Amino acid sequence: MEAGTLTERQKEILRYRRAGYTQQQIADIVHTTKANVSLIEKAANENIQRAYETLEFMNTLDAIHLCTLEKGNDLVKAAESVIVKGDEHGISVKYDLLDLCNKVRDKVPDSVRGRLLRADIEVYLRDDGEIFLE
């Protein structure tokens, strides 16, 4: 599999990191410094984040803005409102209540603590019931 946004060196470093090697061990293997491995890994992760954000943008192009889950609200009640709003638009949300709560926690983890929303979350819905969060 090709990763078009990563250099060969970045791929190599990430493979070693995934295998459990420390930055110092990798530096020794590839004959560079730990600081250089750190810089390469950081750049690779930034490239991956940019690619992820690009994909999320592309996915939301075909989606409607469904609602904003507001800071301070209960996660479960907010997830219920997403399902209801989807129904109001004639689109069945692809997730049940528990799966939707878990999706919110996974996609925007810094925006949730326990059941409390710590930040506003924008919700987009595609015709196939897929949800995207910002």
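Predicted model: local features only at pLDDT ≥ 70, side-chain atom pairs only at ≥ 80, totals over all residues.
Local features require pLDDT of at least 70 and side-chain atom pairs pLDDT 80 or more, whereas totals for chains, interfaces and linings use all residues. Residues are numbered from 1 along each chain as its sequence is written, and side-chain values use heavy atoms, without hydrogens and water.

The chain contains five helices and five strands (DSSP runs numbered from the N terminus; helices are H or I of at least four residues, strands E of at least two). From the N terminus, the order of elements is α-α-α-β-α-α-β-β-β-β.

Three strands form an open antiparallel sheet in the order S1-S4-S5, where pairing requires at least two DSSP bridges between two strands. Strands S1 (63-69) and S5 (131-133) each have a single partner strand, so one side of each lacks a neighbour in the sheet. The twist averages 30° from one strand to the next (axes are lines fitted to C-alpha atoms, for helices over the stretch in contact; angles between N-to-C directions run from 0 to 180 degrees). Strand S4 (residues 121-126) is joined to S5 by three bridges in the antiparallel sense, and Tyr-124 has Phe-132 in S5 as its bridge partner.

Helix H3 (residues 34-61) packs on the sheet and touches S1, S4 and S5 (contact: heavy atoms within 4.5 Å); its direction makes about 130° with that of S5. Helix H5 (residues 97-107) lies across S4 and S5, at about 35° to S5.

The C-alpha atoms fill a box of roughly 60 × 30 × 20 Å along the principal axes.
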